[in-house]
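Subject: Structure handover

Hello,

Here is the structure I said I would pass on. My notes on it follow below.

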Amino acid sequence: MTPIPQSILTAAAVSIDPLAPPPRIDVRGAGVTFALANAPARTVLSSIDLQVRNGEFVSLLGPSGCGKTTLMNLMAGFLRPTVGTVAIDGSPVTGPDPRRVVIFQDYGLFPWRTVLGNVLFALESRGERGPAARDRARHYLQLVGLTDAADQHPHQLSGGMKQRVAIARALSVAPEVLFMDEPFGALDTFTRFHLQDLLLELWERSRITTVLVTHDVDEALYLSDRVVVLGERPGRIVETIDVALERPRDRRAPELHRLRDRLLEELRLAGRWARQKPEYDI
Ligand SMILES: Nc1ncnc2c1ncn2[C@@H]1O[C@H](COP(=O)(O)OP(=O)(O)OP(=O)(O)O)[C@@H](O)[C@H]1O
Ligand SMILES: [Mg+2]
């Protein structure tokens, strides 16, 4: 038998580096099947393997209905997998956890509370009260440029301002993981660009492990270290693309455009694959 060259053994050893830190988020063989009344059960996610490293910014990209929110809900603890496992920092995710926060598209602000009151709410729910909590809340409002709006109520704010409150509220509690579900989907292009830059600035300071759900290819490429593309029926990972470009990125950079073409092709194939298959439920 021909001996295996030492160089190959070394390469193999490096690819499974035993000293590499464990992934912060670890999804293995996960699937979700919903039981439906008067209809066969519906499998919406299948065989999902996804590892997110500590401090990494990962986007989940895919067509509407492919299961992006369902996958985020699994990781955030709002939903348990039907099969497979979901763990964060080595412990199974069994429900929502104050160390992880979620920002939704619809802001999720309390209309009866002021801007400051909304940020304070997050701190109060973690037992932080009094002048220190107020200072902290004001600090985060300042970071998102809302110092002057502290005493206003949500109905007095634009969509971009509301989402800035939501970002301040989420980050004020210094979470270990930040989940976002299409946070900028309802905003106009320029407000979206502005908030993407703000988010990046805050992320660079904190390096919070971040998972962003989006159907916006450019947003995923502009923000992420890695873009995970999901296909449909059932939702599954069809491609993962590393975006090894320095930040801040130039939205017009040729390299981003090349990656964009690749992602669009992946999405087209994922959609076509889904259409060619008969719709089925397990
Ligand atoms: N509780 C539920 N019961 C049954 N089906 C569900 C449930 N929640 C989600 N689904 C189905 O799972 C599929 C994936 O939904 P999900 O919300 O994860 O998609 P998505 O990729 O986030 O879509 P969008 O981009 O439109 O937000 C959809 O077909 C949806 O109808
Ligand atoms: Mg969704």
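The secondary structure of the protein chain consists of 8 helices and 10 strands. Please keep in mind that this is a predicted model. The chain has 282 residues, of which 36% count as buried. If contacts between residues at least 6 apart in sequence are taken, 70% of them join residues at least 24 apart.

Ligand

The shell around ligand 1 is made up of F34, R42, V44, G62, S64, G65, C66, G67, K68, T69, T70 and H215. Two elements, β2 (39-52) and α2 (68-76), each give two or more residues to this shell. The largest share is that of α2, with 3 residues. Sorted by class, the residues around ligand 1 are 3 nonpolar, 7 polar and 2 charged.

Helix pair

I also looked at how helix α3 (residues 115-124) packs with helix α5 (residues 159-172): the angle is about 25° and the axes are 8 Å apart. Angles under 35 degrees count as roughly parallel, so α3 is roughly parallel to α5. Their crossing is right-handed.

On the α3 side, the residues that meet α5 are V115, N118, V119, A122 and L123. Their partners in α5 are V165, A168, R169 and S172. By class, this contact has 6 nonpolar, 2 polar and 1 charged residues.

Regards

Terms used: Residues numbered from 1 in each chain as written. Chains lettered and ligands numbered in written order. Predicted model: local features only at pLDDT ≥ 70, side-chain atom pairs only at ≥ 80, totals over all residues. Axes fitted to C-alpha atoms, helices over the stretch in contact; angles between N-to-C directions. Helix = DSSP H or I, 4+ residues; strand = E, 2+ residues; numbered from the N terminus. Parallel < 35°, antiparallel > 145°, perpendicular 65-115°, else oblique. Left-handed = near helix turned anticlockwise from the far one by under 90°. Contact = placed C-beta atoms within 7 Å. Nonpolar A, V, L, I, M, F, W, Y, C, P; charged D, E, K, R; others polar. Near = placed C-beta within 6 Å. Buried ≥ 20, exposed ≤ 12 C-beta atoms within 10 Å, placed from the backbone.
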